[in-house]
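Here are my notes on the model you sent over.

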Amino acid sequence: MHHAIEHAVERAARLQGRILGALLVRRRWLILLPSAAAVALGCFAALQSGREFFPATDAGLIRLFIRVPSGIRVEDTARIMADVQREIRGLIPRDELQFVVENIGTPSPVNQAWVETTAISSADGEIFVQLAAEHGPSERYIGNIRAMLAEKFPGVQAFFRPADATSQTLASGAPTTFEVRFSGRDIAGNLVLAQEFRGRLAEIPGAADVTLREVLDQPGYAIRVDRARAATLGITQQDASGALLAALGSGGSVAPSFWSDPATGAAYDVQVIAPPSVLTSVEQLLNLPIRPSTGGGAPVPLRTFATVGEKRAPASVSRTTMQPTWTVVANAAGRDLGGLTADLEKIIDELRPRLKPANRIELAGQAALMRSSYSELIGGLGLSAVLVFLVMVVNFQSWSLPFVAISGLPVAVSGALFSLWLTGTPLSVPALMGIIMVVGVSTANSVLVSSFARDLTNAGVSAPDAAVNAATTRLRPVLMTALAMILGVIPMAIGHAEGGEQNAPLGRAVIGGLVFGTCASLFLVPIVFATVRARFGAKTSVS
């Protein structure tokens, strides 16, 4: 086997030498055809491939947020959630379902500091689905659940939230993939724009779970106190509000009270409230006795100085840097994140001129993180190429030889992009990291060839002969470097291991980039060296 490999390398070197010799003698321009074709393939692949932030991983977790019509009691919400859960269990095979958990309503004020939730009332809830170890694609089940909700629960608003730890980290606190915020003091005008944006975004192919995060029509009662009448009775606003909060059980969120068990040391939240069975109507609430804080008078019923009326108001107030905010959330389904973000930003650009001064529209969530990460990585890639070029200038003491060494980089990068498109892999942060690795390895191989050719020319060998000898002599180390890297990343490129979807783009970009880059180092770089050396010679050396 050893001798067979040696003979194969020697035959490849002889064939390489004959090809380079023929090109250098008569038709150097022919090398431009495959090089230009490779670059064209890379440009085509870059335009056709989708863009993602990070590849999606299938952790077997599904997290569904559900919002029923506002004002529904928590037991009615539980009934609707149970109906949804039964339908979900019918969509997922029994042997692939491990368990389903429901969280209905909002957690206590103390737990909200530790529990990450978007629930704001008793009309909200979440369903967590844990699939078994052997299960079908989670995205397929998510799509089936979306279709089921639209068909059987049209009055329910729902969106899927990041479920596993990786997705939650990438979301950076956002409940969905897209989060578009309309912020500013023009509350009514921003709401009109937010609702228009929601309608237009829902029509874009690939946009799913498009929802306004804030609830605008939470039903309730408004208690209006006649202050003049209350003052004659010696009752203040604080007296009335304190008695109401104590009776309705809301005083714990304003002035929480805790009791510490001396036996165990555990602290408990304590509230004294009127039993719900006693307060069954607004009339009973109006009969609540209010004790005056001044004058020492006897308690008087609430109806003596107050009236109650129905109203609908926002259930919560969102703020961004202390500015009132309306938030539209959405997910991507069946389309790459980059393409959907581009369409979304077109709508934002059309709506932005209609904002009043000091109001703004901003994009958050994974889409915003992807945009910033891409700009930083691409900027870092360009800066690294410039720095590598300058370092080689100092090393070679020449301006022309570094240009020769990096002449194969466009071909290598094009190979990485083409391999991503060929395997149906969207461009992502791991893929960009793979391209950066390709730049480093491909440049190192090109430096190996060009530096050896420079030494030969300095020894008196002609530029064409030096180029051919350098390429054939350095064929073995160049192939060893490229093959070692390619064989090392093949398991990563296959991506069959648990969580392998995250690293597969990196491996695929490295394989394609090194295949194209190695060919460029062995054929394009020697011809560029001979051409540059014959034309400029040593005139471009650094003094």
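1. A word on angles: axes are lines fitted to C-alpha atoms, for helices over the stretch in contact, and angles run from 0 to 180 degrees between N-to-C directions. Helices (H or I, at least four residues) and strands (E, at least two) are DSSP runs, numbered from the N terminus. With that, helix H14 (residues 409–422) packs on helix H15 (residues 429–458) at about 145°, the axes being 9 Å apart.

2. Ground rules. This is a predicted model, where local features need pLDDT of at least 70 and side-chain atom pairs count only at pLDDT 80 or more, while totals for chains, interfaces and linings use all residues. Numbering starts from 1 along each chain as its sequence is written, and side-chain values use heavy atoms, with hydrogens and water left out.

3. Back to the helix pair. On the H14 side, Leu409, Ala412, Val413, Ala416, Leu417 and Leu420 meet Ala431, Ile435, Val438, Val439, Ser442 and Thr443 of H15 (contact means heavy atoms within 4.5 Å). The tally for this contact is 10 nonpolar, 2 polar and no charged residues; Ala, Val, Leu, Ile, Met, Phe, Trp, Tyr, Cys and Pro count as nonpolar, Asp, Glu, Lys and Arg as charged, and the others, Gly among them, as polar.

4. Why does Ile406 count as partly exposed? Because its relative accessibility is 22%, and buried means under 20% relative accessible area, exposed over 50%, partly exposed in between (1.4 Å probe, protein chains only). Beyond its neighbours within four places in sequence, Ile406 is in contact with Phe389 and Met392. Its C-alpha is 8.3 Å from that of Val525, 119 residues apart along the chain.

5. Now the cores, meaning sets of buried Ala, Val, Leu, Ile, Met, Phe, Trp, Tyr and Cys residues joined through side-chain atoms within 4.5 Å. The largest has 39 residues, with Phe182, Phe197 and Leu201 making the most contacts inside it. Helix H11 (residues 337–351) supplies the largest share, 6 residues. A second, separate core of 33 residues includes Ala13, Leu20, Leu456 and Val478.

6. Finally, the sheet: 4 strands in an open, antiparallel arrangement, ordered S2-S3-S1-S4. Strands pair if DSSP finds at least two bridges between them; S2 and strand S3 (residues 124–131) have 7. Helix H3 (residues 74–91) lies across strand S1 (61–67), S2 and S3, at about 160° to S2.
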